[in-house]
Each structure stands twice: as structure tokens, then as C-alpha cells.
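Here are a few friendly notes to read beside the model. Please keep the structure open as you go through the points.

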Amino acid sequence: MEEMMKQIEAMRVVPVVVLEDAKDAEPLAHALCDGGLPCAEVTFRTAAAEESIKRMTAACPDMLVGAGTVLTTAQVDKAVAAGAKFIVSPGFDPEIVDYCLAKNIPVFPGCITPSEIAQAVKRGLKVVKFFPAAQFGGVATIKALAAPYVGLKFMPTGGVSASNLADYLSCKSIIACGGSWMVKGDMIKAGEFDKIREMTAEAVALAKNVK
């Protein structure tokens, strides 16, 4: 878990991917890696998620591929069997978190209230997702929540874009941001992987400029 946190912190941006067709998984994986972000959170919002994770990890073995929008322990099992290295849930589900911890699976649950954060801290978690970030006050709320929970890091997702990435990453309590602006569904469907690679590289450059 510590090593994974270092990897994510070094990348600073985690592409959040929705794949409708698993055939797009391999070219997308290459586009992200070539753009400088060998990482992806593949959401379980579609039937293609499990197969997409398999294809991405097969195509780019060193890529850090995780599963997002995980709502059940059965999905945890499917995601890990497919090659997912971490689990992300939109909210704090004690059953999913405890299940992952018992199996030593890195998990980043969504937390937006002190009560949810308290449950995460109680379980020894060092990083939590903050979703949907824009709707729940963004950086200002994260700073307020971080104050009493010293040492806890946040990974905001939802409403993060190239225009506000620097604002988020300038906050010391934010380890990285999850975003989909460089991997939009219409670009994937259109096969615009060169464009995705270029936008990924731009995101990497933006993140590197934030001190």
C-alpha cells in the first residue's frame, strides 16, 4: 500500500476511465502510458469493465490499473481476478473496506464527512477518495476536513479539470486527483487515442508545474 501511494503521489493524476467496449482497452492503455500516466481507474459502471482491466494489464504489465465505482464485494473479487491493483468506491461502505483490508487489497473509499473520515482513520487508511469533489466544496472543504485529521491524504474526483487541477494539487493534503477530461467517452468511442495521449501529456505537464 505504501509503495502504491508513492506511485500515485508521483503521478499526481489518475485517469478515471469508462469503457463501453473492451476492444478500446489496449489502445487506451498505450495512449495513457505514452502520455506519461501509466495509471487508470476503470469504473465498474459498464459490463466491459472486467474484460477491459484484463486487456489493459496484459498490454501494459507495469501499468497501475485499478477498479472504480466498486459497489459490492463480488465486484472486488472480479476486479482483482482481472488484474486490478486497487479498489475505489464512491462512498464509504464498511463491508467493502473491511473485505479489502482483510485480503490486503488497497482500497480508497469515498469520504465527504467527518464521520466517514473517522471510520477510515479508525481502520488505518492513509488515503481516501473525495467524491463528488466539485459538488461538496472542492479544495476549501478538503482543507477543512484535513485540519483535524493530520496525516490523512485525499484523492478528489468529480469536477476536476485542466482548469482547476493546479488549485487542487497545490493543497498539501491532496495526494493526487482523479479526472476524466483526458479520457472522455466520446474520444474513446471515436478512437481518438492520439488526442488522448496528447491531453494526457498536457495533464502531466500541468501537474509537474504545481509546487
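1. Let's start with handedness: H3 and H4 cross in a right-handed way (the near helix is turned clockwise from the far one by less than a right angle). Contact, meaning heavy atoms within 4.5 Å, involves Glu50, Ile53, Lys54 and Thr57 of H3 together with Lys78, Ala79 and Ala82 of H4. By class, these residues are 3 nonpolar, 1 polar and 3 charged.

2. A word on the source: this is a predicted model, where local features need pLDDT of at least 70 and side-chain atom pairs pLDDT 80 or more, while totals for chains, interfaces and linings use all residues. Numbering runs from 1 along each chain as its sequence is written, and side-chain values use heavy atoms, without hydrogens and water.

3. Now the geometry of that pair. The axes of helix H3 (residues 49-59) and helix H4 (residues 73-82) come within 8 Å and cross at roughly 25 degrees. H3 is therefore roughly parallel to H4 (angles under 35 degrees count as such).

4. H3 has another partner. Its axis and that of helix H2 (residues 25-34) come within 8 Å, crossing at roughly 50 degrees, so H2 is oblique to H3. This crossing of H2 and H3 is right-handed. Among the contact residues are Leu28 and Leu32 of H2 and Met56 of H3; the classes here are 6 nonpolar, 2 polar and 2 charged.

5. Finally, which residues lie nearest the centre of the largest pocket? They are Val16, Arg45, Phe131, Thr157 and Ser180, out of 19 lining residues. Strands S1 (13-17) and S8 (177-179) each supply at least two residues of that lining.

Conventions: Axes are lines fitted to C-alpha atoms, for helices over the stretch in contact, and angles run from 0 to 180 degrees between N-to-C directions. Helices (H or I, at least four residues) and strands (E, at least two) are DSSP runs, numbered from the N terminus. Angles under 35 degrees count as roughly parallel, over 145 as roughly antiparallel, 65 to 115 as roughly perpendicular and the rest as oblique. Ala, Val, Leu, Ile, Met, Phe, Trp, Tyr, Cys and Pro count as nonpolar, Asp, Glu, Lys and Arg as charged, and the others, Gly among them, as polar. On a 1 Å grid over the protein atoms alone, a cavity is a set of points where a 1.4 Å probe fits but cannot get out, and a pocket is an open set with protein on both sides within 12 Å along at least five of seven lines; lining residues have an atom within 4 Å of a point.
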